[in-house]
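Me: I would like a close look at a single part of this model, with the cut-offs behind each term spelled out.

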Amino acid sequence: FIYMHTENIFIPRQQQVKAPVESKKQDDVMDPVSKVLHAIGQWLVVILGGLIPVFFLPGAPTLLGVNKFLLVAGVSLLVLFIQVVLMARQKSVKALIPLSLIFFAGFVVASFVSAALSGDISDAIFGNSFEVHTVAFSTIMLLLLFTPLILQGSKRMTLQFMTLFGLASIAVLVHSGIRIFFGPELLSFGAFSVSTQSLIGGFNDLAIFAGLTIVLGLLTLLLLPLRVVLQALIAILIAVALMVQVVVDFTHVWGLLIFSSLLTFLFVVSQKRVFAAKGKGEEKSKIPTVITVMSLLTLLVSGFFLISGESITKDLNEKTNTSYVEVRPSLSATTDILTASYKDEPWLGVGPNRFPDAWREYKSQSINQTIFWDTDFNGGYAFVPTLFITHGLVGGIVFVLFNLCYLYFGFRLLTGGAKQDSFWHALAVISFVASLYLW
């Protein structure tokens, strides 16, 4: 819900009608109390962006995900309350709801219905610790989609958010790098007993975050005019993230980094022709050095380790004592569970967060002859196939429609160009690509 008139890039293209002439900027129509509440809400979102990556409670490593979940839930609920109060204090309210957000809300509704019919409502809604497949987690994700809307129209606060998130990213990567290369006893804070634990989570979580840092770094170098010092800092951050990814060696992240760095490199080196075609002049046809070097470095390192870097990673794991494996059911095993479960519950599935129950009931008897005969997997081969089992056809299809709609919205955003404000367009591109990478 957006309680202000705005034409920034975050609003879907469907909203092309200009605001009425009599409408004023939000700061002009807010009374002093509303301005204070609005500022508090914005700062809460900014601080949340800086706290999410690094937040943990010493001495409770197994509850890291729960701690972050409760932090996000608490701040998001408070910001939502502030937004509701601000809307109540306005004479008129304008609500703009993107279609993708409607689909995700439909997914949450389907999750609630599926949970109610699952036979174990408590496990489906809350689980043991708010796991990612629970209804509670999906609900907070929906709430989190509304939370950043309070930053609209404020370049200063948005830059503060980006800055704090960047500093938190540096802290996560430096903390993990020190513990990987110098021993897990350093900076353990009583919460991280082995080097494969990080401020983000497990090693694969760290690899995903490192990949996100690289993607954001390349986009920032590409789209925002930065001083040489800031470019150098971002380049160093990208290099550190690459080192972390080399140690973890997450194959899917390498693939995404190859794709993103190749596109970035091709865009940069082709700028000369693009600018020449538009007649912008030779002074703008120069190829930026830092972004070219870092995109090419990312492309070469990612390609090498995706194809033949297994031996190097293995040696590094032995020297740093960071061997790490996550086991999951195969695609065929997940498909067998899906087929068997649909004989009983095709439309709404077995219930959110109840894949372990479906696994025990429907797994192939051949699995009982393996070492995983008594393993209760929390999910299947991948997240979306698991949703089709736990949420059925209704929940799975709605979730896929959400992703497709979001992808289409982002495509229109990227092809629309910076028609009104280059800063908002650059920020929208960065945030969309980052979220698309995570999805």
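Me: Where does His-391 lie?

Reply: His-391 lies in the loop between H16 and H17, where helices (H or I, at least four residues) and strands (E, at least two) are DSSP runs numbered from the N terminus. This is a predicted model, in which local features need pLDDT of at least 70 and side-chain atom pairs count only at pLDDT 80 or more, while totals for chains, interfaces and linings use all residues. Residues are numbered from 1 along each chain as its sequence is written, and side-chain values use heavy atoms, with hydrogens and water left out.

His-391 has a relative accessible area of 1% and is therefore buried, a word that stands for under 20% relative accessible area, with exposed over 50% and partly exposed in between (1.4 Å probe, protein chains only). Its side chain makes a polar contact of 2.8 Å with the side chain of Thr-390; such a contact is a pair of N or O atoms within 3.5 Å, where within protein one must be able to donate a hydrogen and the other to accept it, and where residues adjacent in sequence count only if both atoms are side-chain atoms. If neighbours within four places in sequence are left aside, His-391 is in contact with Phe-107, Ser-111, Ser-114, His-133, Trp-347, Leu-348, Gly-349, Pro-352 and Gly-396, contact meaning heavy atoms within 4.5 Å.

H17 gives the most to the patch, with 5 residues. Leu-401 has its place in helix H17 and, with a relative accessible area of 34%, is partly exposed, whereas His-391 is buried.

As for the setting, the protein chain has 18 helices and 0 strands, and 45% of its 439 residues count as buried.
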